[in-house]
Amino acid sequence: MPETVLTNTFHVDTTPEAVFEHLTTPENYVGLSPIVIAVHDVDRSSPGVIRYTAVERFRFLGFITHDNPIKVELFTEGLSLYGEVRSPGNIRMGYRFDLHADGERTRIEDRLDLRAPWFLLRYAAGEARKVQLARGRILAERLAPAESAS
């Protein structure tokens, strides 16, 4: 099956531990991924593993919507998170977030390994890239230190 790799490195103005906490809470992916509209069936029964179902909403032609349930497995290793998403249409996406202290900030290396049938790969990669870039911006906004009132 054809595949492609998408990478993005960005910074967030908080500690790696705060980013890790945010990214290991499945409910935080609603809105963090602009197409994820719901998260349910969260299973934390195995140490170091979180399984859940997320619902992605796709829009076609501006008015047709399709809700796509995806199965997500998230594993943790130190300050890294990785896993796999299984989506209908035989689309598989491995993902990894490596978190590194960078002064008082966190450098996040975001990697997506996408596999899909040839006729879906270009569309899936385009959508995944949009989400990946938005995730960096949204995460930085969500975790930015609150402005102190003087």
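Is Tyr 82 buried or exposed, or does it count as partly exposed? At 28% relative accessibility, Tyr 82 counts as partly exposed, where buried means under 20% relative accessible area, exposed over 50%, and partly exposed in between (1.4 Å probe, protein chains only).

## About the model

This is a predicted model, in which local features need pLDDT of at least 70, side-chain atom pairs count only at pLDDT 80 or more, and totals for chains, interfaces and linings use all residues. Residues are numbered from 1 along each chain as its sequence is written, and side-chain values use heavy atoms, with hydrogens and water left out.

## Aromatic pairs

A pair of aromatic rings is described by the distance of the centres and the angle of the planes. The cut-offs here are as follows: rings of Phe, Tyr and Trp (its six-membered ring) pair if their centres lie within 6.5 Å, and planes under 30 degrees apart count as stacked, over 60 as edge-to-face and the rest as tilted. Searching the whole structure gives 6 aromatic pairs. One of them joins Phe 75 and Tyr 82, whose ring centres are 5.5 Å apart with planes at 20°, so this pair is stacked. Phe 75, at 23% relative accessibility, is partly exposed.

Tyr 95 and Phe 97 make a tilted pair, with 6.0 Å from centre to centre and 50° between the planes. Tyr 95 counts as buried at 8% relative accessibility, and Phe 97 is buried at 3%. There is also an aromatic cluster made up of Phe 58, Phe 60 and Tyr 123.

## Strands 2 and 3

Helices (H or I, at least four residues) and strands (E, at least two) are DSSP runs, numbered from the N terminus. Two strands pair if DSSP finds at least two bridges between them. Strand 2 (residues 36–43) pairs with strand 3 (residues 49–60) in the antiparallel sense, over 5 bridges. Across this pairing, His 40 stands opposite Thr 53 in strand 3.

The hairpin of strand 2 and strand 3 has 5 residues between the strands, and there Gly 48 takes a positive phi near 75°.

## Salt bridges

Side chains of opposite charge can pair when their charged atoms come close. A salt bridge here is a side-chain nitrogen of Lys or Arg within 4 Å of a carboxyl oxygen of Asp or Glu, and the whole structure holds 12 salt bridges. One of them is between Asp 67 and Arg 57, at 2.6 Å from N to O. Asp 67 lies in strand 4 (residues 64–77) and Arg 57 in strand 3, so the pair ties together parts that are 10 residues apart in sequence. Both ends are partly exposed: Asp 67 has 35% relative accessibility, and Arg 57 has 32%.

Another salt bridge brings Arg 96 and Glu 77 together, with their closest N and O atoms 3.8 Å apart. This pair links distant parts of the chain, since Arg 96 is in strand 6 (residues 91–102) and Glu 77 in strand 4, 19 residues apart. Arg 96 is partly exposed at 27%, as is Glu 77 at 47%. The two also belong to a network of salt bridges that links Glu 77, Arg 96 and Asp 98. Elsewhere, Asp 113 forms a salt bridge with Arg 111, the closest N and O atoms being 2.8 Å apart. Asp 113 counts as partly exposed at 21% relative accessibility, and Arg 111 is partly exposed at 38%.
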